Amino acid sequence: MAKKRDSPKLIKIKDAINLINQQVSLIGIVLEQREPKQCRTNDWICTLRIIDDTYPSPGFTVNVFSNTLEQLPQIKNHDDMILFTRIKMQTFDSGKRVSAACNKRVSSFALFEGEDFVCYQCTSNFHEEEALYKSAMADLRKFFATCSEDVRALQSISYRTEPCSVETFSFLREIKIGKRFDLVCRILHVDEDMSAVFVWDGTDAPPASILAKRSEEDKAFSSLSVHTLLSRDILLSFPTVGTILRVSLSSHLFHRVKPGDWVELYQLLCEVDKGSWVIKVTNSTKVRHLAQDDRLVEKIMRLVLLEVSFANYFRFCLPRESLTLLFSFLSYVPKTRLYDKRISSKLGHIPFWCFPSPPGLTETDENCAPFVTLMDIITFPKVTCKYRCIVRVVSAYPWQVDDFCSNENRLHRVLLTLEDPTATLEAFLCDKDAEYFWGLGFQDTETLRKKRNWLLGIRESSNFVAPRNPPWIECCILSYYTNKADPWNTRLYRIFGTRLLN
């Protein structure tokens, strides 16, 4: 019968630093976790800084090695506890400093959270009885609860958990080209390879100017909108108001996030590609989790509601200072109801950037129909339906007005790319609906060209290469299918009952 291996005896950090080149076992509170890195040997390393009651400052460094990124410690909360067994003490910086190495072959670790010290991650070679260490963890928890303000401040700085004001973060509606910003947002989807996430904060990103070369305008518009990157099944779980943007990061930055998480993203950079916003990372980009009941999340969501509500009632966009002053007015509103309030509002589906209404450039035959977003249309449960929305026309194909009409049968057909803060959508404008839309016959190509230019935000003297900023218009859209046996995969859209007033 094999002899049962004795559980390792825990020692304090203060004593461990004197046991150079020896294996020790200890427990500590995680003070800091640095971003994982890949070694030259293709192994992964993650550096942790931990504290206990004998070594509260500046914290003790432990380097954890593993074969894969997933096997590294996946710290959930800033005050979680970690139990290390058989980690080797070693010196560096010419013997002036001491750290420990958690070797994947010999050492092991386990992570614990909450008052009951529930183990949520451990290495495959961790075989210790957790109950033997709960007394030590309870004593350490008491220490952390009563430790000095200096220690707690150091812990907060390491994890950036100090109370943040809303003013230190930007909404998606405030992003600007080339300007770095920090963002509080919700993770809606994570790519399988963990290289990108789709984020949302409930606000509408500003309309981006479109700059295209003359040669590109002769091709169909290629959008980077979220619905072109993900399947409809995934989109069904997304909010239908507010902009959703894709953030591309190194996989190790996102290895701990999952859909539904609220996070803080630091030092992001915005660019515009093909008329769509693209969020990129910088060397300083960091990711931090937020709890669902985090005060910052609640403030962000209430300010989103205020922007929509007061813009609706007062017919102008309030500055952030006014919104902050009015924050306490809606403090009774639970954050779980904020999104529902915008969804249920008659004006909640109108783009923020065209409040109080589009400038009266079109009129529609469906004046009583409620407004919807393009994401509402894309995710609508029925294949066929009629909708009314407020959009920008960002592209037309074919581009030349002379090609709007077929020479063979004189049928008018043009594919317009529509855009709102939630998505882009390609909709046909055909025959009688087209004639009604333009308000003239197709023989007057010069007038038609002027109307086309106005609709797409093209200046007459721009020669098609200056940045375009199309106006907001109201229009009616019909969804339909071309194959009854396969309605969803043959679903198309066309504009109807809409007329330009210019």
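This is a predicted model: local features need pLDDT of at least 70, side-chain atom pairs count only at pLDDT 80 or more; totals for chains, interfaces and linings use all residues.
Strand S17 (423–430), helix H10 (445–456), S19 and strand S20 (498–500) are among the elements that cover the buried residues of helix H9.

H9 spans residues 431–438, and its buried residues are Ala 434, Phe 437 and Trp 438. They lie on the same side of H9, because the arc they cover around the axis is only 85°. After H9 comes Gly 439, which has a positive phi, near 75°.

S19 consists of residues 491–496 and runs antiparallel to S18, with 6 bridges joining the two. Within this pairing, Ser 479 has Tyr 493 in S19 as its bridge partner. S18 also pairs with strand S15 (residues 385–397), again in the antiparallel sense, and here there are 8 bridges. In that pairing Val 391 stands opposite Ile 473 of S18. Strand S18 itself, residues 472–481, is mostly covered, with 8 of its 10 residues buried.

Phe 109 belongs to strand S7, which covers residues 108–113. Is Phe 109 buried or exposed? Its relative accessibility is 2%, and therefore Phe 109 counts as buried; the cut-off for buried is under 20%. Beyond its neighbours within four places in sequence, Phe 109 is in contact with residues that include Val 64, Leu 72, Pro 73, Ile 82, Leu 83 and Phe 84. Further along the chain, its contacts include Gln 121, Cys 122, Thr 123 and Phe 126. Ser 25 is 84 residues from Phe 109 along the chain, and the C-alpha atoms of these two residues are separated by 9.5 Å.

The last step is to the chain as a whole. It contains 10 helices and 20 strands. Of its 502 residues, 51% are buried. Among contacts between residues at least 6 apart in sequence, 68% join residues at least 24 apart.

Notes
Residues are numbered from 1 along each chain as its sequence is written. Side-chain values use heavy atoms; hydrogens and water are left out. Buried means under 20% relative accessible area, exposed over 50%, partly exposed in between (1.4 Å probe, protein chains only). Helices (H or I, at least four residues) and strands (E, at least two) are DSSP runs, numbered from the N terminus. Two strands pair if DSSP finds at least two bridges between them. Contact means heavy atoms within 4.5 Å. The arc is that of the directions from the helix axis to the C-beta atoms.
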